[in-house]
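Please read the structure below alongside the text that follows.

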Amino acid sequence: MKKYSSARWAVTAVLSCVLLAPNDAEACSNVLVTKGASADGSCMVTYSADSHQLYGELYYKPAADWKSGAMLEVRNWDEGHLMGYIPQAAHTYQTVGNMNQHQLIITETTFGGRHELEDGKGIVDYGSLIYITLQRARTAREAIKVMDELVQNYGYPSAGESFSIADTEEVWIMEMVSKGEGKGAVWVARRVPDGYICAHANQARIDRFPLDDPQNCLYSPDVITFAREKGWFDGTDSEFSFCDTYCPIDFSGARACEARAWAAFNILCDGRFCWEDETGSHEAAAADWLDFAMGHNLSHKMPLFVKPARKVTVSALADVMRDHFEGTPMDMTEDVGAGCCRTPYRWRPMSFELDGKEYVHERAIATQQTGFWLLGQARGNYPDEMGGILWFGVDDAATSALTPIYTNITAIPECFRVGNGSMTEYSPTAAFWQFNKVTHFAYLFYDRVAPVIQKHIKDYEQTCFEAVAKTDAELETLLAKGNVKKAVKLMNNTVNGLATGLMERWKGLENQLLVTFMDGNVKAMNEDGTFKLRNPEGSAVPASPGHPAQRERWLRAIVEDHGETLLSR
């Protein structure tokens, strides 16, 4: 998604009513996990769709057959205006969010690239490219082929984009840049080696790449010659760097973008990077790249792929998306900007000038402006009829729970349904608004409220893991007997039941937080979870948590600013 844009997209057939999915973004984050790096042998991709104007809802398009001559209407993903028409495929696959019925996952982050290439010509922009491809491709390699054909045939009017593309066997990172006035795009796609992970966050990451290894690297035939024609590269082909040529990094690209990829690697690698390249095997402390992540040494690039310290679980990967640089020099809970309640958020604008110097607030993976976020799980040990699961959540990942959505369901839960509320219309049955209410309470008293929310998240997600395991076993039995309709009904019931339970749980949590933490107090609790009362008929005993010792810097800042007035003795 783009760093600074706002709009809606729609991809529809002329002969059909269309699902209109709003999309607007400022910066997104993706983490990619191969099956050899995951605990259960699935391929996984995370995605946070971050925007101050994006409403959290789950897009759904059923599979369909189309008559010969049917045309597909393509609308700009960011701005919603009509781009044009392309021939419709004879058959389109079902899509649920950023995943289809064959367990193909496609997500993105926008890096923009060279300003000269921003106004590309054509019909299929980056958002349309994702959702059209999901309807037409079954595997990651097929998706790359379809995406190339679409931009070459119909043009690519977007700027630079990093795509995460995964199926049950392979995970790829693909980076694409418009050719500006020319039709089409130049691109490179690299397969993440099995057993490794990758991450990207609004900055191009593919550096040099193998030119003769189609099993692991694919690219447009003019990716190098186009750069030569523009005068951006004059070395040998083997020296060509995609990111250096088409998206030269600057301070912002490192500090606001690559820092998030570094954070994901740091967490999943336990602070130690292990990787291989053409020169051999390597191992080094993650801290060795802090100078790069913080924008101080732009030539000290991180590896594109690293090995995790242990096999990655769904739970561990979800927690990466909840990170605020905790435990690092960029920890957003530790500086005076966090206030007395250690709030890891900085309200816009993200940069400021003071006394002639420019400063920035950190941009972490978890952020307040997330519309929706997801963890796509392609499970090759199950057939496509039940294998794909989209773990889906809305609002800030740090204070929201993921719930499982089988990608072969036929009904979206009411709380995630498109049209149930909007950014300007409150709906009491929409998960987006319910989570926002709870999260806003956390922002007010983060250090005391967030742990309560996080406990609910863990408890709910554990319930989901158990429910999925039980449902999987029943689905295998049903599908083995050919009972496809019963299997779909079971998936619908499981998904809807969990989502409904999630809404009820978060409504109760909202009430609990208000009663427990109102007015900046914390009501004392008994071991059984009930409130301590002054007497059997009395009110609860409030306790003021005061200012934790680690917030001494915040108190000192108050004294420095206003101490003479506040001095009591």
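Predicted model: local features only at pLDDT ≥ 70, side-chain atom pairs only at ≥ 80, totals over all residues.

**Charged pairs and backbone angles**

Glu552 and Arg556 form a salt bridge, with their closest N and O atoms 2.7 Å apart; a salt bridge here is a side-chain nitrogen of Lys or Arg within 4 Å of a carboxyl oxygen of Asp or Glu. The two residues stand four apart in helix H12 (residues 552-566), so about one helical turn separates them. Helices (H or I, at least four residues) and strands (E, at least two) are DSSP runs, numbered from the N terminus. Glu552 is partly exposed, at a relative accessible area of 41%, while Arg556 is exposed, at 55%. Buried means under 20% relative accessible area, exposed over 50%, and partly exposed in between (1.4 Å probe, protein chains only).

Residues are numbered from 1 along each chain as its sequence is written, and side-chain values use heavy atoms, with hydrogens and water left out.

The structure holds 29 salt bridges. One of them links Asp237 to Arg228, with the closest N and O atoms 2.7 Å apart. Asp237 is partly exposed at 38%, and Arg228 is partly exposed at 32%. Another pairs Glu73 with Arg75, at 3.2 Å between the closest N and O atoms. Here Glu73 is buried, with a relative accessible area of 15%, whereas Arg75 is partly exposed at 26%.

Strand E20 (residues 351-354) and strand E21 (residues 357-360) run antiparallel and are joined by four bridges; two strands pair if DSSP finds at least two bridges between them. Glu353 has Glu358 in E21 as its bridge partner. Two residues lie between the strands of this hairpin, where Asp355 takes a positive phi near 55°.

Most residues other than glycine have a negative phi, and most peptide bonds are trans. Which peptide bond is cis, with omega near 5°? The bond from Arg348 to Pro349 is, and Pro349 lies in the loop between helix H7 (314-320) and E20. The loop between H7 and E20 is also the place of Phe325, which has a positive phi of about 65°. Phe325 is buried, at 1% relative accessibility. Gln103, with phi near 75°, is found in the loop between strand E11 (99-100) and strand E12 (105-112). Gln103 counts as buried, at 0% relative accessibility.
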